Amino acid sequence: MERIFNLNQHQLPTRWYNVLADLDRPLDPPLDPRTQEPLSPEALTALFAKTCVEQEVSTDRFIDIPPAVQDIYQLWRPTPVYRAVNLERALDTPAHIYYKYEGASPTGSHKTNTAVAQAYYNKIEGTKRLTTETGAGQWGSALSFACQALGIDLTVFMVKVSYEQKPYRKAMIELYGAEITPSPSQRTHAGRAVLAEDPDSPGSLGIAISEAIEEAMATGAKYSLGSVLNHVLLHQTVIGQEALAQMDLAGEYPDAVVGCVGGGSNFGGLMLPILYDSRNRGRQVEFIAAEPTACPTMTKGEVRYDFGDEAELTPLLRMHTLGHKFVPPPIHAGGLRYHGMAPIITRLVEDGVVQPVAFDQLEVFNDAVMFARAEGIIPAPETAHAVHAAVELARDCARRDEKKVILIGFSGHGHFDMSAYTAYLSGQLVSTR
Ligand SMILES: Cc1ncc(COP(=O)(O)O)c(C=O)c1O
């Protein structure tokens with residue numbers, strides 16, 4: 001049975017797909033927190049590369065990927081799609097399970113897809129230094145790789161609990177030449193304010209974003225965000241375009257697409273091109289977005305305007321939110337510990353296109369270990385949420401004797417997350433219900 005579906009390098013997509021061209025009604029604009037009025041795109045260029053801001057509001061359906069970005073993508077893209085035959089056998093399910101493996105990137109996750117694009121636009125616009133935050137360290141290492149490739153300096157604020165759980169992510173970020181600080185830190189007003197209230201704060205993505213933005217504003221650097229914003233989801237759409245071509249090679253079409261959701265970028269990157277394609281073909285696809293019960297942004301959050309960061313430095317975005325002061329418990333899926341959501345994903349949840357589900361980390365790790373034992377590849381704790389959602393679907397197919405084609409967005413491998421697996425194997429991993 002064929003298990004690996006590879007594309008040739010010349011089949012690398014040359015355009016990103018922009019869902020803003022196909023939404024029934026436009027997204028609600030970001031607001032200026034002082035005036036509550038829509039923020040002009042120009043106001044964002046103080047922080048972000050101008051081209052990224054243009055892409056944030058563009059309604060062109062396709063946007064060309066610059067040749068220099070394609071050239072770097074070719075270090076690892078197209079990534080493989082695998083059929084998880086051993087997992088199907090272990091589950092004794094009639095479902096066919098496929099996964100799109102973004103762990104094949106140099107730093108081990110999908111984050112490099114937007115990191116390279118953002119570093120490139122900053123480079124050609126003359127940026128010398130970027131700042132950013134990172135949760136589990138996947139985004140920080142992806143951006144440090146991209147900045148190294150394009151010759152830009154980088155400062156990373158890494159959420160403290162992950163900094164302590166994943167020392168080799170720190171080493172990797174430094175290896176690529178970036179500077180890294182655990183967050184909250186004494187380096188910014190935002191960090192000092194959090195530490196004054198709680199010297200033992202584990203940190204959160206919301207706090208680390210505040211620190212990175214404050215540092216950029218104070219030093220004249222630009223800032224780069226690894227999820228949530230429209231242009232970030234846009235850059236990730238190489239995943240879904242490739243996956244469609246690979247499912248075609250397999251002679252199947254997905255009935256269900258599942259992904260994990262922190263800020264929504266890997267899931268959006270996979271599902272948006274498939275949503276567009278399935279509508280054009282008149283096909284029904286279930287889109288399932290998995291998040292942790294410890295940070296239940298879509299399943300328990302409200303939809304309203306909120307800040308993207310703890311210290312209220314960002315514009316207001318209309319999105320699912322648990323409140324920008326929410327500090328999630330220190331679960332191992334650090335990349336899913338975010339209070340907010342991509343406005344694009346929020347809209348699709350509101351419209352009933354995307355079904356959100358939340359899982360406890362203990363049940364997630366049970367199935368991640370099962371996956372690793374069957375397929376050999378160890379999922380990142382974030383990715384493990386998508387794996388668990390797919391395994392639940394496949395179990396359901398077994399109960400109903402239903403053959404569904406399930407496609408998993410496998411956002412990254414867990415080689416730097418072994419402390420989480422050590423905790424699981426020694427019975428120390430706690431339930432987060
Ligand atoms: C491997 C992996 N998957 C998923 C995520 C969640 O982010 P997003 O929802 O933007 O894909 C992260 C974030 O750090 C990650 O590292």
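The legends below describe an overall view and close-up views of one predicted model.

Residue numbers start from 1 along each chain as its sequence is written. Because the model is predicted, local features need pLDDT of at least 70 and side-chain atom pairs count only at pLDDT 80 or more, while totals for chains, interfaces and linings use all residues.

**Figure 1. The protein chain has 18 helices and 15 strands.** Helices (H or I, at least four residues) and strands (E, at least two) are DSSP runs, numbered from the N terminus. The radius of gyration, taken over C-alpha atoms, is 20 Å, close to the 22 Å that the globule rule gives for 433 residues, so the chain is as compact as a globular protein of that length. The globule rule is 2.2 Å times the number of residues to the power 0.38. Along the principal axes, the C-alpha atoms fill a box of roughly 60 × 50 × 40 Å. Of the 433 residues, 60% are buried. A residue is buried if 20 or more other C-beta atoms lie within 10 Å of its own, exposed if 12 or fewer, and partly exposed in between, with C-beta atoms placed from the backbone.

**Figure 2. The ligand is surrounded by 21 residues.** The closest are Gln138, Ser227, Gly262, Gly335 and Gly412. Helices α6 (138–150), α13 (265–281) and α17 (381–400) each supply at least two residues of the shell. The largest share, three residues, comes from α13.

**Figure 3. Helix α8 (residues 167–175) has Arg169, Lys170, Met172 and Ile173 as its buried residues.** Seen down the axis of α8, these residues fall within an arc of 160°, so they line one face of the helix. The arc is that of the directions from the helix axis to the C-beta atoms. The buried residues of α8 pack against α6, β7 (153–159), α7 (160–165) and β8 (179–183). Contact here means that the C-beta atoms of two residues, placed from the backbone, lie within 7 Å. Just after α8, Gly177 takes a positive phi of about 100°.

**Figure 4. In helix α9 (residues 189–197), the residues Ala190, Gly191 and Val194 are buried.** Down the axis of α9, its buried residues fall within an arc of 95°, so they line one face of the helix. They pack against β8 and α10 (205–219).

Definitions and conventions:
A residue is near a molecule or strand if its C-beta atom, placed from the backbone, lies within 6 Å of it.
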